[in-house]
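Here is a short report on one protein chain. Look over the sequence and the model before reading on.

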Amino acid sequence: MKLTALKNKILVLENEPRAQTLSGITVPMAWRKKSYTGWVVSTGPEVRKKIPELTEKMFIVFRAYAGTEIVWNGNKFRMLTPDEVIGMIPKPSVDAVAVVT
(Lines give C-alpha, C1' and ligand atoms only; values in the text may rest on other atoms or scores of the structure.)
Protein backbone atom coordinates (compact mmCIF):
# COMPACT_ATOMS: atom_id res chain seq x y z
CA MET A 1 0.00 0.00 0.00
CA LYS A 2 1.07 3.54 -0.71
CA LEU A 3 0.58 6.48 1.65
CA THR A 4 -0.51 9.68 -0.15
CA ALA A 5 -1.74 13.14 0.77
CA LEU A 6 -5.30 14.23 0.08
CA LYS A 7 -6.95 17.65 -0.45
CA ASN A 8 -4.84 20.41 1.12
CA LYS A 9 -2.23 18.17 2.81
CA ILE A 10 1.49 17.60 2.28
CA LEU A 11 3.04 14.25 3.22
CA VAL A 12 6.62 14.71 4.47
CA LEU A 13 9.23 12.10 5.35
CA GLU A 14 10.91 13.48 8.47
CA ASN A 15 14.65 14.03 8.40
CA GLU A 16 16.32 12.04 11.20
CA PRO A 17 18.60 13.97 13.59
CA ARG A 18 22.31 13.29 13.22
CA ALA A 19 23.82 10.48 15.26
CA GLN A 20 27.22 12.21 15.23
CA THR A 21 28.34 15.82 15.24
CA LEU A 22 30.44 17.12 12.36
CA SER A 23 33.52 16.63 14.57
CA GLY A 24 32.67 12.92 15.09
CA ILE A 25 31.21 12.94 18.61
CA THR A 26 28.36 10.43 19.02
CA VAL A 27 25.21 12.07 20.38
CA PRO A 28 22.93 9.96 22.61
CA MET A 29 19.34 9.58 21.36
CA ALA A 30 17.93 11.50 24.34
CA TRP A 31 20.12 14.55 23.59
CA ARG A 32 19.39 14.84 19.89
CA LYS A 33 17.40 17.86 18.80
CA LYS A 34 14.13 17.18 17.03
CA SER A 35 14.44 17.98 13.36
CA TYR A 36 11.81 20.21 11.75
CA THR A 37 12.86 19.34 8.22
CA GLY A 38 11.92 16.67 5.73
CA TRP A 39 11.39 15.49 2.17
CA VAL A 40 8.07 15.97 0.38
CA VAL A 41 6.63 12.57 -0.53
CA SER A 42 3.29 13.69 -1.97
CA THR A 43 1.01 16.71 -2.15
CA GLY A 44 -2.77 16.93 -2.38
CA PRO A 45 -4.48 18.52 -5.41
CA GLU A 46 -5.39 21.72 -3.54
CA VAL A 47 -1.74 22.22 -2.52
CA ARG A 48 -0.63 21.88 -6.15
CA LYS A 49 -3.02 24.71 -7.08
CA LYS A 50 -2.04 26.93 -4.12
CA ILE A 51 1.76 26.35 -4.23
CA PRO A 52 2.66 24.97 -7.70
CA GLU A 53 6.41 25.24 -7.02
CA LEU A 54 6.19 22.75 -4.11
CA THR A 55 6.91 19.37 -5.67
CA GLU A 56 7.82 15.85 -4.58
CA LYS A 57 11.43 15.20 -3.45
CA MET A 58 11.77 18.83 -2.33
CA PHE A 59 13.45 19.50 1.03
CA ILE A 60 11.29 21.66 3.34
CA VAL A 61 11.41 23.27 6.78
CA PHE A 62 8.23 23.30 8.86
CA ARG A 63 7.05 24.76 12.16
CA ALA A 64 7.69 23.03 15.46
CA TYR A 65 4.76 20.84 16.54
CA ALA A 66 3.23 21.16 13.07
CA GLY A 67 1.01 18.57 11.48
CA THR A 68 0.17 15.03 12.44
CA GLU A 69 2.91 12.48 13.10
CA ILE A 70 2.51 9.14 11.32
CA VAL A 71 4.68 6.03 11.59
CA TRP A 72 4.35 3.87 8.47
CA ASN A 73 6.54 0.83 7.71
CA GLY A 74 9.10 2.02 10.27
CA ASN A 75 9.42 5.53 8.80
CA LYS A 76 8.31 8.77 10.46
CA PHE A 77 6.07 10.99 8.36
CA ARG A 78 4.21 14.24 8.99
CA MET A 79 0.97 15.32 7.37
CA LEU A 80 1.16 19.12 7.04
CA THR A 81 -0.93 21.96 5.65
CA PRO A 82 0.67 24.57 3.35
CA ASP A 83 0.54 27.17 6.14
CA GLU A 84 2.86 25.05 8.32
CA VAL A 85 5.68 25.05 5.74
CA ILE A 86 8.09 27.93 6.42
CA GLY A 87 10.76 27.27 3.80
CA MET A 88 11.79 25.02 0.93
CA ILE A 89 15.00 24.09 -0.85
CA PRO A 90 14.25 22.93 -4.44
CA LYS A 91 17.53 21.09 -5.16
CA PRO A 92 19.43 20.71 -1.88
CA SER A 93 23.07 19.74 -1.78
CA VAL A 94 24.40 17.49 0.96
CA ASP A 95 26.03 20.54 2.60
CA ALA A 96 22.75 22.45 2.71
CA VAL A 97 20.96 19.54 4.38
CA ALA A 98 23.78 19.20 6.95
CA VAL A 99 23.50 22.87 7.92
CA VAL A 100 19.70 22.77 8.30
CA THR A 101 19.58 19.58 10.39
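This is a predicted model: local features need pLDDT of at least 70, side-chain atom pairs count only at pLDDT 80 or more; totals for chains, interfaces and linings use all residues.

## Surface and burial

The chain has 101 residues, and 31% of them are buried.

## Fold layout

The chain contains 2 helices and 6 strands. Along the sequence, their order is β-β-α-β-β-β-β-α.

Take the contacts between residues at least 6 apart in sequence. Of these, 66% join residues at least 24 apart.

## The nonpolar core

The largest nonpolar core holds 12 residues. Its members are Ile 10, Val 12, Val 40, Val 47, Ile 51, Leu 54, Met 58, Ile 60, Phe 62, Ala 66, Leu 80 and Val 85. Two elements each give two or more residues to this core: β1 (10-14) and β3 (59-62).

Which residues does Leu 54 touch, leaving out those up to four places away in sequence? They are Ile 10, Val 40, Thr 43, Val 47, Ile 60 and Met 88. Leu 54 is itself a member of the core.

## Two loop residues with positive phi

Most residues other than glycine have a negative phi. Tyr 65 is not a glycine, yet its phi is positive, about 60°. Tyr 65 lies in the loop between β3 and β4 (68-72). Its relative accessible area is 75%, so Tyr 65 counts as exposed, the cut-off being over 50%.

Asn 73 also has a positive phi, near 55°. The loop between β4 and β5 (75-80) holds Asn 73. Asn 73 is exposed because its relative accessible area, 68%, is over 50%.

Technical notes
Residues are numbered from 1 along each chain as its sequence is written. Side-chain values use heavy atoms; hydrogens and water are left out. Helices (H or I, at least four residues) and strands (E, at least two) are DSSP runs, numbered from the N terminus. Buried means under 20% relative accessible area, exposed over 50%, partly exposed in between (1.4 Å probe, protein chains only). Contact means heavy atoms within 4.5 Å. A nonpolar core is a set of buried Ala, Val, Leu, Ile, Met, Phe, Trp, Tyr and Cys residues joined through side-chain atoms within 4.5 Å.
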